[in-house]
Amino acid sequence: MLTFIGHTWRVNSIDYSIFDGNPLLCSGSHDKTVRVWDVETGKQIQIFNEHSGFVICAKFSPYHYHKHRRIVVCSSSYDRTIRFWDFQKNQQLQLLTCDRKEMCGIELSSFNGGRYLCCGAYDSTVNLWDIEASKSLHTFRGHSWVVWCVDFSPLQSNNNYYYKSNGISMIGGSGYTICSGSWDKTIRIWDIETTKQFIIFNGHNDNLCSVKYASNESGISGGANIILSGSSDKSARLWDIRSGQQIQAFNGHTSRVTCVEYPPFVVNNIEIGGSSNVICSGSSDHTIRFWDIRSNKKELYTIEEENPVYCLKFLRLENKGTNSEKTNSNCNVNLCYGLNDGHIRL
């Protein structure tokens with residue numbers, strides 16, 4: 001286990017990417033800083049400390065890397081700003097200001113090279129931005145309380161990069177959606193092209209803390225039509241957009257489920273006589289739990305920590321052992337997670 005030490009308070013968000021062969025991690029924290037880390041050594045290599053409020057989310061920007069070959073970290077904060085940080089120059093590159101609303105979770109679009117950003121806010125809205133133009137495109141309204149977490153639907157295999165004029169101006173590729181999780185206990189699905197809300201999922205009994213679309217490559221039946229959620233009601237749940245119904249609930253945590261993810265592997269399920277996909281949930285009960293999506297029985301495996309878990313991310317790292325070790329290794333998946341005490345574990 002490798003521990004990244006630098007943050008002095010809760011780590012709310014971590015993201016991972018590889019730039020020119022170098023694996024990097026970025027993180028955002030309640031200590032109001034954004035940090036970048038060398039994944040192989042665990043050393044902090046950059047810090048951005050110009051936010052004046054809690055940093056709720058930090059993400060690498062694929063748009064800036066693919067468009068300008070710049071390593072840029074995007075962060076959202078309670079100081080009512082979204083900021084873009086240039087890693088190499090160690091300076092703020094871009095600023096999006098959001099009057100009268102603290103910024104919560106952010107996500108960058110899978111389509112159009114990550115040009116678009118969505119963000120949940122304390123004023124109950126979901127906000128869509130054009131990064132290239134530094135322009136707010138649309139505000140989605142419907143939630144009745146804080147929108148804590150958001151996600152874009154994954155890249156479509158038959159993606160069409162055509163442009164069509166609509167209410168949110170020249171966004172290419174129809175069929176994409178945004179999902180949002182709110183403290184009003186609902187998950188809502190929004191059509192980007194029409195800007196309309198078309199599904200509300202009710203079922204959680206407390207605040208939503210995390211929502212994630214399944215990727216088309218996840219192997220989960222239904223693919224991008226499946227939503228995974230975690231809530232303060234201590235449960236993780238799967239939802240099907242096509243039917244508008246809950247598929248499964250995973251109960252076992254003794255405190256709020258702060259984060260959820262789809263691990264990039266399957267397990268052998270004796271009950272069904274074949275392989276089955278897995279979901280993962282982190283909680284303020286100090287545990288990370290793995291669940292078989294075909295079964296609502298007790299969790300498959302539990303990692304116990306000394307502190308509440310607030311974020312997690314699966315990384316695929318290159319096996320740098322001998323050729324024999326590389327051949328015999330059937331899994332190079334690593335789990336990275338952030339804790340309330342400011343530590344990040346790999």
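Biologist: What makes strand β18 (residues 208-213) largely enclosed by the rest of the structure?

Modeller: In this predicted model, 6 of the 6 residues of β18 are buried, so the strand is largely enclosed by the rest of the structure. Buried here means under 20% relative accessible area.

Biologist: How do you know that β18 and strand β19 (residues 226-231) pair?

Modeller: Two strands pair if DSSP finds at least two bridges between them. For β18 and β19 there are 5 bridges, in the antiparallel sense; the two therefore count as paired. Within this pairing, valine 211 stands opposite serine 229 in β19.

Biologist: Why is valine 309 called buried?

Modeller: The cut-off for buried is under 20% relative accessible area. Valine 309 has 0% relative accessibility and therefore counts as buried. This valine is found in strand β27.

Biologist: Which residues does valine 309 touch, not counting residues up to four places away in sequence?

Modeller: Valine 309 touches Thr258, Cys259, Gly282, Ser283, Ser284, His286, Thr287, Ile288, Tyr337, Gly338 and Leu339. A contact requires heavy atoms within 4.5 Å.

Biologist: Why is serine 153 called buried?

Modeller: Serine 153 has a relative accessible area of 6%. The limit is under 20%, so serine 153 is buried. Serine 153 lies in the loop between β14 and β15 (177-182). Leaving aside neighbours within four places in sequence, serine 153 is in contact with Ser110, Tyr176, Thr177 and Tyr213. The C-alpha atoms of serine 153 and serine 109 are separated by 8.0 Å, and these residues are 44 residues apart along the chain.

Biologist: What is the volume of the largest pocket, and which residues are the closest to its centre?

Modeller: The volume of the largest pocket is about 1,300 Å³. Of its 42 lining residues, the closest to the centre are Asp15, Glu107, Ser215, Glu261 and Lys313. Elements that give two or more residues to this lining include β2 (11-19), α1 (62-68), β18 and β27 (309-316). The largest share, 5 residues, comes from β2.

Biologist: How do the residues of the lining of the largest pocket divide?

Modeller: They divide into 19 nonpolar, 14 polar and 9 charged.

Biologist: Which element gives the largest share of the lining of the second largest pocket?

Modeller: That share, 5 residues, comes from β18. The second largest pocket holds about 570 Å³ of space. Among its 32 lining residues, Asn12, Trp148, Cys209, Thr258 and Tyr310 lie nearest the centre. The lining divides into 17 nonpolar, 8 polar and 7 charged residues.

Biologist: What is the secondary structure of the protein chain, and how many of its residues count as buried?

Modeller: The chain comes to 2 helices and 29 strands. Of its 346 residues, 58% count as buried. Residues 24 or more positions apart account for 50% of the contacts with a separation of 6 or more.

Biologist: Where does UniProt place the feature "repeat: WD"?

Modeller: The unreviewed UniProt entry places this feature at residues 4-47, 48-95, 114-139, 174-200, 201-249 and 250-301. Over residues 114-139 the model is 0% helix and 65% strand, and the end C-alpha atoms are 19 Å apart.

Terms used
Residues are numbered from 1 along each chain as its sequence is written. This is a predicted model: local features need pLDDT of at least 70, side-chain atom pairs count only at pLDDT 80 or more; totals for chains, interfaces and linings use all residues. Side-chain values use heavy atoms; hydrogens and water are left out. UniProt positions are given in the numbering used here, feature names are shortened, and annotations may be inferred rather than shown by experiment. Helices (H or I, at least four residues) and strands (E, at least two) are DSSP runs, numbered from the N terminus. Buried means under 20% relative accessible area, exposed over 50%, partly exposed in between (1.4 Å probe, protein chains only). On a 1 Å grid over the protein atoms alone, a cavity is a set of points where a 1.4 Å probe fits but cannot get out, and a pocket is an open set with protein on both sides within 12 Å along at least five of seven lines; lining residues have an atom within 4 Å of a point. Grid points are joined across faces, edges and corners, and a volume is the space filled by probe spheres set on the points. Ala, Val, Leu, Ile, Met, Phe, Trp, Tyr, Cys and Pro count as nonpolar, Asp, Glu, Lys and Arg as charged, and the others, Gly among them, as polar.
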